[in-house]
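Hi,

Here is the structure I promised to pass along. My notes on it follow below.

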Amino acid sequence: MRLPERMTAIRIREPGPPSVLEPVESVLPQIGPAQVLIRVAAAGVNRPDLLQRQGHYPPPPGASPIPGLEVAGEIAALGSEVAGWQVGDAVCALLAGGGYAQFAAAPAVQCLPVPAGLTLQQAAILPETFFTVWLNVFQRAGLQPGESILVHGGASGIGTTAILLASAFGARVFTTAGTAEKCAACVALGAARASNYRHVDFVAAGHEATHGRGVDVILDMVGGEYVARNVAAAATDGRIALIAVQGGAQAQVDLRPNLTKRLKIMGATLRPQSSAAKGRLAQDLLNEVWPLFADRRLAPPPIHARFALEAAADAHALMESGTHIGKLVLLVRHPAT
Ligand SMILES: NC(=O)c1ccc[n+]([C@@H]2O[C@H](COP(=O)([O-])OP(=O)(O)OC[C@H]3O[C@@H](n4cnc5c(N)ncnc54)[C@H](OP(=O)(O)O)[C@@H]3O)[C@@H](O)[C@H]2O)c1
């Protein structure tokens, strides 16, 4: 494939509002021996990108300062040590940064084939939320078929992914969300019950739905005062996976139920983990989850809106408004070659 010398990418001019995102001309990323260069067709937008733009979530050492944690496209070049991929392969990839661009470098182990039946746009919005949900819900919290899970923020990119995956693996899903429209969307995706947390106490709803048993697994992106309420909502031997603290980083908790109910409260972030660890997650997703797309037992999360790469600021403004359901995607154009 003939590569251009320069590309369009989105730069964060300085920490600030969406308007600090601006298209710039840049050189193509250099790939290391274990990396591939992807000619990007589409890039997913995730809430951590907003935190990075605001200056609260700096890229890990060695990562591109260009935002963007996931892309899909075509492999344009291979590092000298890469095996198993060919130039021209259609892939999606989890990145530590650099996705808002016409070309992105990705560790080969963090690439996955575009699942059967999915478009490049649909594949671009999978990696960040699928790696995160698989790590936290299935590996760390060990969700089992027949168990119940409470997903907070059910209409988010992470939440819609968790509803789809947990349902596909035979769990009973309860969710919270902040509007009636979001709750209806969660049910349409497979949740057995969705509670509008502005009007309904999710602890009472969880106990009612489980006949007083409590929920087996909780995926929490809120933290703050949810921590004590999660403990109250959990079943004996329950697992609580914390992935963000949007509602506050401090919490006051009565620790006694942790002992009597034998709870596990855990937390994790995906981005700083090693490429080898992300590669192991990619293999698990390839073996356990990708076949479900081919069988139509699993659908991708809904795409709420599409934007041109150059309009990344508009995508951030929409995500900041909190009105979206599912994912936002940037579409990347290339001059005819
Ligand atoms: N740990 C990790 O590795 C990891 C990886 C990826 C993402 N994350 C985190 O996961 C979260 C979701 O990411 P995303 O990309 O899916 O974002 P998103 O689509 O923008 O969704 C954010 C969701 O958070 C909910 N929310 C925000 N503040 C809330 C509050 N105080 N109480 C209840 N709900 C609240 C909103 O729900 P309502 O509109 O219904 O209120 C919204 O649906 C973000 O915090 C992100 O930083 C963590």
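Before the rest, some housekeeping. This is a predicted model, with local features needing pLDDT of at least 70 and side-chain atom pairs counting only at pLDDT 80 or more, while totals for chains, interfaces and linings use all residues. Residues are numbered from 1 along each chain as its sequence is written, and side-chain values use heavy atoms, leaving out hydrogens and water.

Now the ligand. Ligand oxygens lie 2.5 Å from a side-chain N or O of Lys182, 2.7 Å from a backbone N or O of Gly178 and 3.0 Å from a backbone N or O of Gly157. Alone, the ligand exposes 920 Å², and the protein buries 88% of that (Shrake-Rupley, 1.4 Å probe).

I also looked at Glu70, which is in strand β4 (residues 70-78). Glu70 counts as buried because its relative accessibility is 0% (the cut-off is under 20%, with a 1.4 Å probe and protein chains only). Its side chain makes a polar contact of 2.7 Å with the side chain of Lys327 (N or O atoms within 3.5 Å, one able to donate a hydrogen and the other to accept it; sequence neighbours count only if both atoms are side-chain atoms). A polar atom of the Glu70 side chain also lies 2.7 Å from the backbone nitrogen of Glu128.

Cheers

Methods: Helix = DSSP H or I, 4+ residues; strand = E, 2+ residues; numbered from the N terminus. Buried < 20%, exposed > 50% of the residue type's maximum accessible area, 1.4 Å probe, protein only.
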